[in-house]
Amino acid sequence: MTTRVRLATLVAAVALASAAATPAADPVPPPVDNPAGKCDDYEMIMQVDVPLRGTLRHVYVDRVSAAEARRTGKLPYGTRIVMRDYVGEADGQGGWKTENHRLVAGKPVLVLIQQKEPGWGATHPEAIRNGEWEYGLFTPDGKPIPVNTEQACMPCHKRYETTDFTLVVHDYFADLAGK
(Lines give C-alpha, C1' and ligand atoms only; values in the text may rest on other atoms or scores of the structure.)
Protein backbone atom coordinates (compact mmCIF):
# COMPACT_ATOMS: atom_id res chain seq x y z
CA MET A 1 0.00 0.00 0.00
CA THR A 2 1.42 3.38 -0.96
CA THR A 3 1.88 6.24 1.47
CA ARG A 4 -0.77 8.24 -0.35
CA VAL A 5 -3.36 5.43 0.00
CA ARG A 6 -2.47 4.92 3.69
CA LEU A 7 -2.85 8.64 4.33
CA ALA A 8 -6.23 8.75 2.55
CA THR A 9 -7.39 5.71 4.55
CA LEU A 10 -6.25 7.28 7.82
CA VAL A 11 -8.00 10.57 7.01
CA ALA A 12 -11.22 8.72 6.13
CA ALA A 13 -11.04 6.66 9.35
CA VAL A 14 -10.51 9.77 11.49
CA ALA A 15 -13.41 11.53 9.75
CA LEU A 16 -15.74 8.57 10.34
CA ALA A 17 -14.70 8.23 13.98
CA SER A 18 -15.17 11.94 14.50
CA ALA A 19 -18.64 11.88 12.91
CA ALA A 20 -19.66 8.89 15.02
CA ALA A 21 -18.44 10.59 18.21
CA THR A 22 -20.29 13.84 17.48
CA PRO A 23 -23.79 13.73 18.96
CA ALA A 24 -26.63 14.60 16.61
CA ALA A 25 -28.16 18.05 17.08
CA ASP A 26 -31.22 17.96 19.27
CA PRO A 27 -34.20 19.15 17.19
CA VAL A 28 -36.03 20.26 20.36
CA PRO A 29 -34.71 23.58 21.68
CA PRO A 30 -33.76 23.82 25.35
CA PRO A 31 -36.49 25.18 27.60
CA VAL A 32 -36.69 28.94 27.95
CA ASP A 33 -35.38 29.94 31.36
CA ASN A 34 -36.38 32.73 33.69
CA PRO A 35 -33.72 35.46 34.01
CA ALA A 36 -34.64 36.06 37.66
CA GLY A 37 -31.86 37.94 39.40
CA LYS A 38 -30.42 39.29 36.13
CA CYS A 39 -32.51 42.46 35.96
CA ASP A 40 -29.54 44.65 34.97
CA ASP A 41 -29.39 42.77 31.65
CA TYR A 42 -32.87 44.08 30.74
CA GLU A 43 -34.58 47.38 30.20
CA MET A 44 -38.23 48.09 30.76
CA ILE A 45 -39.69 49.40 27.51
CA MET A 46 -43.33 49.78 28.50
CA GLN A 47 -46.08 49.23 31.00
CA VAL A 48 -49.40 47.91 29.81
CA ASP A 49 -52.30 48.67 32.15
CA VAL A 50 -55.62 46.83 32.24
CA PRO A 51 -57.52 49.01 34.75
CA LEU A 52 -60.81 47.14 34.41
CA ARG A 53 -59.08 44.00 35.74
CA GLY A 54 -56.71 45.90 38.01
CA THR A 55 -53.65 44.31 36.44
CA LEU A 56 -50.57 45.61 34.72
CA ARG A 57 -47.64 44.19 32.80
CA HIS A 58 -44.07 45.46 32.71
CA VAL A 59 -42.39 44.54 29.43
CA TYR A 60 -38.60 44.18 29.35
CA VAL A 61 -36.17 43.36 26.54
CA ASP A 62 -32.56 42.31 26.98
CA ARG A 63 -30.30 45.33 26.52
CA VAL A 64 -28.21 43.91 23.64
CA SER A 65 -31.27 43.08 21.53
CA ALA A 66 -32.96 46.37 22.41
CA ALA A 67 -29.95 48.34 21.15
CA GLU A 68 -29.93 46.40 17.86
CA ALA A 69 -33.71 46.73 17.47
CA ARG A 70 -33.52 50.51 18.02
CA ARG A 71 -30.98 50.71 15.19
CA THR A 72 -32.64 48.33 12.72
CA GLY A 73 -36.29 48.19 13.77
CA LYS A 74 -36.05 44.38 13.96
CA LEU A 75 -35.69 41.95 16.85
CA PRO A 76 -32.46 39.98 16.39
CA TYR A 77 -31.70 36.38 17.32
CA GLY A 78 -31.07 36.14 21.03
CA THR A 79 -33.92 38.52 21.86
CA ARG A 80 -35.51 37.80 25.21
CA ILE A 81 -38.77 39.55 26.01
CA VAL A 82 -39.70 39.33 29.68
CA MET A 83 -43.20 40.24 30.78
CA ARG A 84 -43.93 40.53 34.50
CA ASP A 85 -47.59 40.68 35.44
CA TYR A 86 -48.80 42.36 38.64
CA VAL A 87 -52.04 42.97 40.44
CA GLY A 88 -52.53 46.69 40.80
CA GLU A 89 -52.30 48.21 44.25
CA ALA A 90 -55.78 48.91 45.65
CA ASP A 91 -56.61 52.52 46.52
CA GLY A 92 -58.91 51.59 49.43
CA GLN A 93 -61.95 53.08 47.65
CA GLY A 94 -62.78 50.21 45.31
CA GLY A 95 -60.32 51.26 42.63
CA TRP A 96 -56.62 51.17 41.92
CA LYS A 97 -53.77 53.46 42.93
CA THR A 98 -52.21 55.42 40.08
CA GLU A 99 -49.09 57.53 39.63
CA ASN A 100 -48.75 59.70 36.53
CA HIS A 101 -51.96 58.12 35.21
CA ARG A 102 -50.47 54.59 35.39
CA LEU A 103 -51.46 51.76 37.71
CA VAL A 104 -49.12 51.15 40.64
CA ALA A 105 -47.74 47.60 40.71
CA GLY A 106 -48.73 45.57 43.72
CA LYS A 107 -48.12 41.86 44.12
CA PRO A 108 -46.30 40.12 41.21
CA VAL A 109 -48.30 37.19 39.86
CA LEU A 110 -46.62 35.81 36.73
CA VAL A 111 -43.53 35.99 34.50
CA LEU A 112 -43.80 35.24 30.79
CA ILE A 113 -40.77 34.84 28.52
CA GLN A 114 -40.58 34.97 24.73
CA GLN A 115 -37.16 34.11 23.27
CA LYS A 116 -35.88 34.01 19.68
CA GLU A 117 -32.99 31.76 18.62
CA PRO A 118 -31.87 30.37 15.25
CA GLY A 119 -33.60 27.10 14.44
CA TRP A 120 -36.07 27.28 17.29
CA GLY A 121 -39.69 26.58 16.49
CA ALA A 122 -38.99 23.99 13.79
CA THR A 123 -40.53 21.19 15.86
CA HIS A 124 -43.94 22.85 16.00
CA PRO A 125 -46.67 22.30 13.40
CA GLU A 126 -46.63 24.95 10.66
CA ALA A 127 -50.21 25.96 11.48
CA ILE A 128 -49.06 27.41 14.82
CA ARG A 129 -45.29 27.86 14.38
CA ASN A 130 -44.13 31.31 15.50
CA GLY A 131 -40.99 31.70 13.45
CA GLU A 132 -38.07 30.91 15.75
CA TRP A 133 -39.67 31.95 19.02
CA GLU A 134 -40.22 29.79 22.10
CA TYR A 135 -42.11 30.63 25.28
CA GLY A 136 -41.90 29.99 29.00
CA LEU A 137 -44.12 30.71 31.99
CA PHE A 138 -42.88 31.14 35.58
CA THR A 139 -43.99 32.03 39.08
CA PRO A 140 -42.71 35.39 40.38
CA ASP A 141 -39.98 33.55 42.32
CA GLY A 142 -38.72 31.83 39.16
CA LYS A 143 -40.25 28.36 39.30
CA PRO A 144 -41.40 27.03 35.90
CA ILE A 145 -45.13 26.65 35.40
CA PRO A 146 -45.85 23.66 33.17
CA VAL A 147 -47.76 24.88 30.14
CA ASN A 148 -48.36 23.60 26.63
CA THR A 149 -47.13 26.62 24.68
CA GLU A 150 -48.56 25.15 21.46
CA GLN A 151 -52.00 25.71 22.99
CA ALA A 152 -51.44 28.61 25.41
CA CYS A 153 -49.10 30.95 23.46
CA MET A 154 -48.58 30.11 19.83
CA PRO A 155 -52.12 30.30 18.41
CA CYS A 156 -52.53 33.92 19.51
CA HIS A 157 -49.01 34.99 18.51
CA LYS A 158 -49.41 33.30 15.10
CA ARG A 159 -51.79 36.11 14.14
CA TYR A 160 -48.91 38.59 14.51
CA GLU A 161 -46.60 37.13 11.87
CA THR A 162 -46.13 40.55 10.21
CA THR A 163 -44.76 41.94 13.50
CA ASP A 164 -42.38 39.01 14.16
CA PHE A 165 -44.98 37.23 16.31
CA THR A 166 -44.95 39.94 18.99
CA LEU A 167 -47.99 41.91 19.99
CA VAL A 168 -46.41 45.31 20.72
CA VAL A 169 -42.63 44.96 21.05
CA HIS A 170 -41.81 44.84 17.32
CA ASP A 171 -43.87 47.95 16.62
CA TYR A 172 -42.26 49.77 19.55
CA PHE A 173 -38.77 49.30 18.05
CA ALA A 174 -39.87 49.75 14.43
CA ASP A 175 -41.34 53.14 15.39
CA LEU A 176 -38.12 54.14 17.17
CA ALA A 177 -36.02 53.15 14.16
CA GLY A 178 -38.41 54.90 11.76
CA LYS A 179 -39.06 51.67 9.86
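This is a predicted model: local features need pLDDT of at least 70, side-chain atom pairs count only at pLDDT 80 or more; totals for chains, interfaces and linings use all residues.

Residues are numbered from 1 along each chain as its sequence is written, and side-chain values use heavy atoms, with hydrogens and water left out.

**Aromatic pair**

- One aromatic pair is found when the whole structure is searched, and it joins Tyr172 and Phe173 in an edge-to-face arrangement, with 4.9 Å centre to centre and 85° between the planes.
- Rings of Phe, Tyr and Trp (its six-membered ring) pair if their centres lie within 6.5 Å, planes under 30 degrees apart being stacked, over 60 edge-to-face and the rest tilted.
- Tyr172 is partly exposed at 26% relative accessibility, whereas Phe173 is buried at 0%.

**Charges over rings**

- Arg84 lies over the face of Tyr60 at 5.5 Å from the ring centre, and Lys116 lies over the face of Tyr77 at 5.6 Å from the ring centre.
- A charge sits over a ring if NZ of Lys or CZ of Arg is within 6 Å of the ring centre and within 35 degrees of the ring normal.

**Cysteines**

- With a disulfide defined as a pair of cysteine sulfur atoms within 2.5 Å, the count is zero.
- The sulfur of Cys153 is too far for a bond, because the closest cysteine sulfur, in Cys156, is 9.2 Å away.
- Cys153 is buried at 16% relative accessibility, while Cys156 is partly exposed at 29%.

Definitions and conventions: Buried means under 20% relative accessible area, exposed over 50%, partly exposed in between (1.4 Å probe, protein chains only).
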